[in-house]
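Okay, thanks everyone for coming.

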Amino acid sequence: MVGNVDGKTIMVESIGEIHFYTYAIIPIDKKQETVLTHKIWTQEMVVEDAIMTGIYGLVEQEKFENLTKLIDELNQEFSLTGLNEKASQLGANRFSTEYYYTAIGDEKPFGDIVEYDFKDPNRTTDEWEDLLLVEKIDAEAIRIAINLYMADENVEPDSEVFDTLIQRIERADNIPKGIYGLSLHDNYILKKDALGSKENSLSQDSLI
């Protein structure tokens with residue numbers, strides 16, 4: 001921003017069945033102390049990707065519930081936990097939780113799904129299923145990042161537990177299609193970015 005105009009980045013939440021969070025830049029005239037609502041903007045594809053993820057989460061809701069249940073079971077078995085829900089905004093329970101978040105790796109397979117949403121965002125789940133055609137979307141188009149933490153303080157990430165988590169996820173049936181990434185951290189969260197990634201974290205990408 002230049003001159004007497006400043007900008008503030010805020011988290012915004014969608015309204016309706018297709019639920020997601022994204023962010024927007026709100027210009028503020030510092031001299032007049034007014035918000036320039038007609039100049040609100042976002043980076044290219046940020047909102048579009050959030051819409052795609054929201055529709056995917058809606059259509060695959062049952063499979064996301066299965067993924068959450070699987071992680072709940074693993075957490076209980078191995079004394080793990082997720083990110084505190086107060087630490088960050090979550091997309092929506094069907095596709096982003098304190099355990100994982102979902103993102104779009106390739107927009108092309110989603111075709112005109114964003115335009116369909118702009119024209120009529122109030123479609124039923126069945127209508128979205130007919131439009132999205134999940135069976136034709138390759139796993140590489142969806143990214144699901146799982147971040148888990150040791151539940152107890154001062155405990156290093158356990159490599160044997162990590163290997164078991166990988167095996168359970170790779171063998172799991174009826175969870176969302178996608179390329180999975182898995183990270184296991186200790187219990188300490190960096191306050192500046194609400195993340196747990198450190199030198200002792202265990203991570204592996206490209207799990208299917």
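One term before we start: when I say buried, I mean under 20% relative accessible area, and exposed means over 50%. And keep in mind that this is a predicted model.

Let's begin with strand E7, residues 179-185. Seven of its seven residues are buried, so the strand is largely enclosed by the rest of the structure. Which way do the residues point? Ile179, Gly181, Ser183 and His185 go one way from E7, while Tyr180, Leu182 and Leu184 go the other way.

Now the partner, strand E6, residues 142-150. E6 and E7 pair in the parallel sense, over seven bridges. If you want to find that on screen, Ile144 has Tyr180 in E7 as its bridge partner, and Tyr149 has His185. E6 is largely enclosed too, because eight of its nine residues are buried.

What else pairs with E6? Strand E5, residues 100-104, runs antiparallel to E6 and is joined to it by five bridges; there, Ile104 sits opposite Ile142. Look for Leu80 opposite Met150 in E6.

Last stop, out on the surface. Asp120, Asp126, Glu127, Glu129 and Asp130 gather there in a patch of negative charge. Take Glu127, which belongs to helix H4, residues 125-132.

Terms used: Residues numbered from 1 in each chain as written. Predicted model: local features only at pLDDT ≥ 70, side-chain atom pairs only at ≥ 80, totals over all residues. Heavy atoms only, no water. Patch = residues over 30% accessible without salt bridge, like charges linked within 9 Å, V, L, I, M, F, W, Y side chains within 5 Å. Areas by Shrake-Rupley, 256 points an atom, 1.4 Å probe, with all protein chains shown as cover. Salt bridge = Lys/Arg side-chain N within 4 Å of Asp/Glu carboxyl O. Lys, Arg positive; Asp, Glu negative; His and termini not counted. Charge placed at Lys NZ, Arg CZ, Asp CG, Glu CD. Helix = DSSP H or I, 4+ residues; strand = E, 2+ residues; numbered from the N terminus. Buried < 20%, exposed > 50% of the residue type's maximum accessible area, 1.4 Å probe, protein only. Pairing = 2+ DSSP bridges.
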